Amino acid sequence: MAFVGAPLVVTERGAGREQGQQRRRGRVVCAATPPHDARAPRSTPHLDAVDLPADLRALRRADLDKLAHELRWETINVVAGTGGHLGASLGVIELTVALHYVFRTPEDRLIWDVAHQAYPHKILTGRRGRMSTLRKAGGLSGFTKRSESEYDVFGAGHSSTSISAAVGMAVARDLAAKRNNTVAVIGDGAITG
């Protein structure tokens with residue numbers, strides 16, 4: 001299989017070797033970058049304009065689909081280079097854009113129940129330039145991590161904790177007489193806990 005923008009193309013065992021390929025652990029690894037996928041954007045002007053969710057909220061609604069398209073390919077390219085949870089992240093691209101557009105994060109609290117869905121969230125919350133360090137020593141966590149960003153309000157791992165965390169944050173908000181929203185993002189088997 002191959003990913004757009006990946007530094008390596010991996011094909012299954014038994015495939016023939018072509019010039020420039022090496023054999024590693026029963027797989028053929030090509031050192032060349034795969035050809036550009038016609039669906040991938042040639043540039044990312046909307047994503048380039050977004051460093052933080054406040055920048056996203058400054059976009060026109062008509063541009064959100066373009067932003068989501070660019071974010072989808074950015075996520076594919078990141079995971080192609082670092083490894084990680086691609087399907088879970090791709091499943092929430094539009095949802096992530098919508099949540100950060102509608103809610104005033106970080107004042108409004110987004111709690112990811114299945115934090116490996118949070119790669120697009122990380123890209124939109126000031127960490128795009130560090131995504132190549134994802135899941136590496138000293139790099140970004142593969143999950144939400146409170147010490148990493150004020151936008152990661154709960155250090156989630158896999159599942160079944162966001163609802164109780166959101167309720168706790170909502171109670172604390174009410175006791176402090178604040179008016180922010182608290183959103184639990186449920187998905188990817190989160191309630192099977």
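Contact here means heavy atoms within 4.5 Å. The legends below describe a predicted model.

**View 1. His-46 and its partners in the predicted model.** His-46 sits in helix α1, which covers residues 45–48. Residues up to four places away in sequence aside, His-46 touches Asp-63, Lys-66, Leu-67 and Glu-70. With a relative accessible area of 15%, His-46 is classed as buried, because the cut-off for that class is under 20%. Leu-67, one of the residues that His-46 touches, is also among the residues with the most contacts inside the largest nonpolar core.

**View 2. The protein chain as a whole.** The protein chain holds seven helices and five strands. Along the sequence these elements follow the pattern β-β-β-α-α-α-α-α-β-α-α-β. Of the 193 residues in the protein chain, 44% are buried. Among contacts with a separation of 6 or more, 62% join residues 24 or more positions apart.

**View 3. The crossing of helices α5 and α6.** Helix α5 spans residues 93–102 and helix α6 spans residues 119–127; their axes come within 9 Å and cross at roughly 40°. That angle makes α5 oblique to α6. The crossing in which α5 passes α6 is right-handed. On the α5 side, the residues that meet α6 are Ile-93, Thr-96, Val-97 and His-100. Their counterparts in α6 are Pro-120, His-121, Leu-124 and Thr-125. Sorted by class, this contact of α5 with α6 has four nonpolar residues, four polar residues and no charged ones.

**View 4. Thr-96 in helix α5.** Thr-96 belongs to helix α5. Is Thr-96 buried or exposed? Its relative accessibility is 0%, so Thr-96 counts as buried. Beyond its neighbours within four places in sequence, Thr-96 is in contact with Trp-112, Pro-120, His-121 and Leu-124. Three residues of this view, Pro-120, His-121 and Leu-124, lie in α6. The C-alpha atom of Thr-96 is 8.3 Å from that of Ala-118, a residue 22 positions away along the chain.

View 5. Two or more residues each come from α3 (64–82), α5 and α6. Helix α3 supplies eight residues, the largest share of the core. When neighbours within four places in sequence are left aside, Leu-124 is in contact with Leu-47, Val-50, Asp-51, Leu-52, Pro-53, Leu-56, Leu-71, Thr-96, Val-97 and His-100. Another core, of eight residues, lies apart from the largest one and includes Leu-99, Ala-118, Val-183 and Val-185.

View 6. Asp-152 is found in the loop between α6 and α7, the latter being residues 162–175. Which residues are in contact with Asp-152, leaving aside its neighbours within four places in sequence? They are His-121, Lys-122, Arg-127, Thr-144, Lys-145 and Arg-146. His-121 also takes part in the contact between α5 and α6, and is in contact with Thr-96. Asp-152 has a relative accessible area of 2% and is therefore buried.

Terms used:
Residues numbered from 1 in each chain as written. Predicted model: local features only at pLDDT ≥ 70, side-chain atom pairs only at ≥ 80, totals over all residues. Heavy atoms only, no water. Axes fitted to C-alpha atoms, helices over the stretch in contact; angles between N-to-C directions. Helix = DSSP H or I, 4+ residues; strand = E, 2+ residues; numbered from the N terminus. Parallel < 35°, antiparallel > 145°, perpendicular 65-115°, else oblique. Left-handed = near helix turned anticlockwise from the far one by under 90°. Nonpolar A, V, L, I, M, F, W, Y, C, P; charged D, E, K, R; others polar. Core = buried A, V, L, I, M, F, W, Y, C linked by side-chain atoms within 4.5 Å. Buried < 20%, exposed > 50% of the residue type's maximum accessible area, 1.4 Å probe, protein only.
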